Amino acid sequence: MPILVMKFGGTSVANPDRIRRAAKRVGLEVAKGYDVIVIVSAMSGKTNELVGWVNETSPLYDAREYDAVVSSGENVTAGLMALTLQEMDIPARSWQGWQVPLKTNSSHSQARIEEIPNENILAKFGEGMRVAVVAGFQGISPEGRITTLGRGGSDTTAVAFAAAFDAERCDIYTDVDGVYTTDPRISDKARKLDKIAFEEMLELASLGAKVLQTRSVELAMRYKVKLRVLSSFEEPSDEAGTLVCDEEEIMENKVVSGVAYSRDEAKMTLVSVEDRPGIAAGIFGPLAEAGINVDMIVQNISDEGTTDMTFSCPTDQVKRAEKALNDAKAAGSIGFEEIIADTNVAKISVVGIGMRSQPGVAAKMFKVLSDEGINIKVIATSEIKISVLIDRKYMELAVQALHDAFELEK
Ligand code: ASP
Ligand code: MG
């Protein structure tokens with residue numbers, strides 16, 4: 001029988017009643033003839049509570065015990081979901097990560113999936129089981145310890161299962177009804193997209209669109225898993241949600257598909273850096289080692305043989321970045337006058353695969369911002385994305401103006 005993966009996020013399993021609603025959706029797919037693998041998150045708020053308890057108990061916690069604690073939320077929902085399905089006379093059982101086993105590496109709290117053997121679950125389907133309920137977000141390390149996949153990791157569990165079982169589709173049930181051209185809370189003209197290309201979704205996810213964990217999109221792209229994002233609160237229909245798919249499957253190719261923003265990006269400037277070969281490596285090497293996610297980089301050369309180096313990174317990594325740079329300076333590997341951290345900025349990006357073949361998108365974006373009197377502080381581009389840093393107070397205005405200018409409401 002064809003296999004379908006259905007993933008339910010925290011709000012969709014927030015209490016026994018919601019779990020029943022979700023189970024009914026699973027029942028509809030079972031009735032269509034699918035064997036279903038259900039991936040569940042913890043009840044909404046649960047993981048945050050567990051993380052809080054760990055921090056309260058041991059601020060410099062042992063990551064292996066962190067994983068033991070925070071993985072437990074999913075165990076509860078997996079068992080409850082299996083019980084609910086059994087109450088509906090649907091043959092189901094639950095699986096914790098280690099029982100599958102979902103094998104990961106040993107990077108506790110950020111583990112990466114290495115392998116999902118499918119024999120155990122397929123054997124159960126062969127015996128008449130119709131639904132395997134799997135606790136998302138968790139796995140087992142080569143040392144036999146429980147691991148977790150990073151916040152939002154159940155999305156990645158779901159896509160990895162879809163790939164490992166060659167599922168027909170991976171449906172991600174959440175509390176929004178799909179992927180939007182921009183955040184509907186910022187622009188009331190935001191429109192739900194019927195389809196979006198993997199690469200566009202990857203950019204949007206890494207820019208902070210919270211619907212999908214970035215790694216889940218990477219995996220889906222690599223294994224060509226058809227992903228659908230949809231709401232568990234809307235009436236079931238075949239047209240519901242947004243399909244994340246190969247770009248060949250998308251007919252109406254707009255130049256720009258979405259406008260994203262991030263208010264958590266900071267601008268860091270190293271003033272009067274000595275200008276000589278190796279200096280960029282001297283700066284960004286230590287930052288990489290400290291795990292800083294550097295995004296945009298700009299270098300301004302001056303006449304006096306020095307340069308100002310500007311880059312952006314998430315606001316909550318500023319302190320760590322400063323420490324890494326000051327340590328490198330103290331060790332004599334780089335020289336600079338001072339570090340200026342500006343946390344009053346926001347990053348605005350326009351994303352679209354159509355940009356590859358259509359020139360002038362950057363020019364248009366800059367014109368729109370200048371017409372609104374918004375100053376651009378840093379620019380970065382990729383093949384399908386243009387990002388700028390601006391003063392945070394203009395963030396909403398910029399998003400709305402760009403959404404209008406690229407006619408995304410149509
Ligand atoms: N419960 C985990 C979290 O909140 C994993 C997930 O729901 O995707 O991060
Ligand atoms: Mg999530």
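A polar contact is a pair of N or O atoms within 3.5 Å; within protein, one must be able to donate a hydrogen and the other to accept it, and residues adjacent in sequence count only if both atoms are side-chain atoms. With that in hand, welcome to a predicted model, in which local features need pLDDT of at least 70, side-chain atom pairs count only at pLDDT 80 or more, and totals for chains, interfaces and linings use all residues. Residues are numbered from 1 along each chain as its sequence is written, chains are lettered from A and ligands numbered from 1 in the order in which they are written, and side-chain values use heavy atoms, with hydrogens and water left out.

- The protein chain is assigned domain 1 (3-248) and domain 2 (259-406), with bounds that come from an automatic or database domain assignment.
- Between the C-alpha centres of domain 1 and domain 2 the distance is 33 Å.
- Domain 1 brings 16 residues to the contact and domain 2 brings 20 residues, where contact means heavy atoms within 4.5 Å.
- About 1500 Å² is buried between domain 1 and domain 2, with 57% of this area from carbon and sulfur atoms; buried area is the accessible area (1.4 Å probe) that two parts lose on being put together, summed over both.
- Of the area that domain 1 buries against domain 2, 44% is supplied by Ile186, Glu203 and Leu207, more than by any other three residues.

**Charged and polar links across the interface**

- The rule finds 4 salt bridges across the interface of domain 1 and domain 2, a salt bridge being a side-chain nitrogen of Lys or Arg within 4 Å of a carboxyl oxygen of Asp or Glu.
- There are also 11 residue pairs in polar contact across the interface of domain 1 and domain 2 (both at pLDDT 80 or more).
- On the side of domain 1 that touches domain 2, helix α7 (residues 198-206) gives the largest share, 4 residues; helices (H or I, at least four residues) and strands (E, at least two) are DSSP runs, numbered from the N terminus.
- Glutamate 203 and lysine 385 join their side chains in a salt bridge (3.4 Å, N to O).

**Around ligand 1**

- Ligand 1 has Ser41, Ala42, Thr47, Glu74, Phe137, Arg151, Gly152, Gly153 and Ser154 around it, each with a heavy atom within 4 Å.
- Nitrogen atoms of ligand 1 lie 2.8 Å from a polar side-chain atom of threonine 47 and 2.7 Å from a polar side-chain atom of glutamate 74.
- A polar backbone atom of glycine 152 is 2.8 Å from an oxygen atom of ligand 1.

- In one of them, glutamate 65 pairs with arginine 145, with the closest N and O atoms 3.0 Å apart.
- Glutamate 65 sits in helix α3 (residues 63-70) and arginine 145 in the loop between β7 (138-140) and β8 (146-148), so the pair ties together parts that are 80 residues apart in sequence.

**Backbone details**

- Most residues other than glycine have a negative phi, and most peptide bonds are trans.
- The peptide bond from valine 100 to proline 101 is cis, with omega near -5°, and proline 101 is in the loop between β3 (92-95) and β4 (103-104).
- Serine 109, although not a glycine, has a positive phi of about 75°, and serine 109 is in the loop between β4 and β5 (113-115).
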